[in-house]
Amino acid sequence: MSDNLSAPTTVTIPGYLTGTWKADPVHSEIAFSVRQIMISKVRGRFTGYDVTIVTSENPLASTVTATIDLASIDTGNESRDNHLSSADYFEVETYPTMTYRSTAVRQTDDGWVIDGDLTLHGVTRHVPLAVEVNGFGPDTFGGQRAGFSATASVSRRDFGIGKIVPMDGGGVVIGDKVSISLEIQAVRQN
């Protein structure tokens, strides 16, 4: 019987670079979508955030932290943005930010998963991010950049955000499930 099954696995990512990286807000996006009146989706994004990624020699030891300014919500409708910032939803006067801290990185058959804790509206829940590593490479300014795409899904109910209002004939006015997508282009810090 071969002993190869107990040999340590080496994780390789083409072009992988170690270091501390910051999301470039001009080339990154933190977005969400949620079903509205069961027939369409409302999409939005947050324009104010700080994302730091630390890539370690062993990619499985890498970390991610993020702080998102909830008042920076942009759904393309100022009235809706103001309502989402109000006590009916985010309560930005009391809870101005949402934070994410990774607790582990793991490789799966489908790619990468970052396990972490999301704190929103005074509640912390485990939220895994399905991650695609888009690549590492030089930029036109002599620096280094890295690209990542990630998705997750959260329940508004789990974080105590907004009411679930039923509609006549079934369904709800605003869905409970919120889909999150991140497109991060990060710059390595010197």
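A: Arg 43 has a relative accessible area of 55%, so the residue counts as exposed. The model is a predicted one. Arg 43 lies in strand E3, which covers residues 40-46. Together with Arg 35, Lys 41 and Lys 177, Arg 43 forms a positive surface patch.

Phe 46 in strand E3 pairs with Phe 32 in strand E2 (residues 29-36), and the pair links distant parts of the chain, its members being 14 residues apart. Both of these phenylalanines, Phe 32 and Phe 46, are buried, whereas Arg 43 is exposed. An aromatic pair is described by how far apart the ring centres are and by the angle between the ring planes.

Another of them joins Phe 136 and Phe 148, with 5.9 Å from centre to centre and 85 degrees between the planes, an edge-to-face arrangement. This pair, too, links distant parts of the chain: Phe 136 belongs to strand E10 (residues 129-138) and Phe 148 to strand E11 (residues 144-155), 12 residues apart. Phe 136 and Phe 148 are both buried. The two residues are also members of one aromatic cluster, which includes Tyr 16 and Trp 21.

The strands named so far belong to a chain with 12 strands and 1 helix. In sequence order the pattern is β-β-β-β-β-β-α-β-β-β-β-β-β. The protein chain has 190 residues, and 39% of them are buried.

Burial is also found in a loop. Ser 62 sits in the loop between strand E4 (49-55) and strand E5 (63-69). The relative accessibility of Ser 62 is 13%, so this residue counts as buried, the cut-off being under 20%. Between Ser 62 and Ile 114 there are 9.3 Å in space, C-alpha to C-alpha, while in sequence the two are 52 residues apart.

Note on methods
Residues numbered from 1 in each chain as written. Predicted model: local features only at pLDDT ≥ 70, side-chain atom pairs only at ≥ 80, totals over all residues. Heavy atoms only, no water. Patch = residues over 30% accessible without salt bridge, like charges linked within 9 Å, V, L, I, M, F, W, Y side chains within 5 Å. Areas by Shrake-Rupley, 256 points an atom, 1.4 Å probe, with all protein chains shown as cover. Salt bridge = Lys/Arg side-chain N within 4 Å of Asp/Glu carboxyl O. Lys, Arg positive; Asp, Glu negative; His and termini not counted. Charge placed at Lys NZ, Arg CZ, Asp CG, Glu CD. Helix = DSSP H or I, 4+ residues; strand = E, 2+ residues; numbered from the N terminus. Buried < 20%, exposed > 50% of the residue type's maximum accessible area, 1.4 Å probe, protein only. Phe/Tyr/Trp six-rings, centres within 6.5 Å; stacked < 30°, edge-to-face > 60°.
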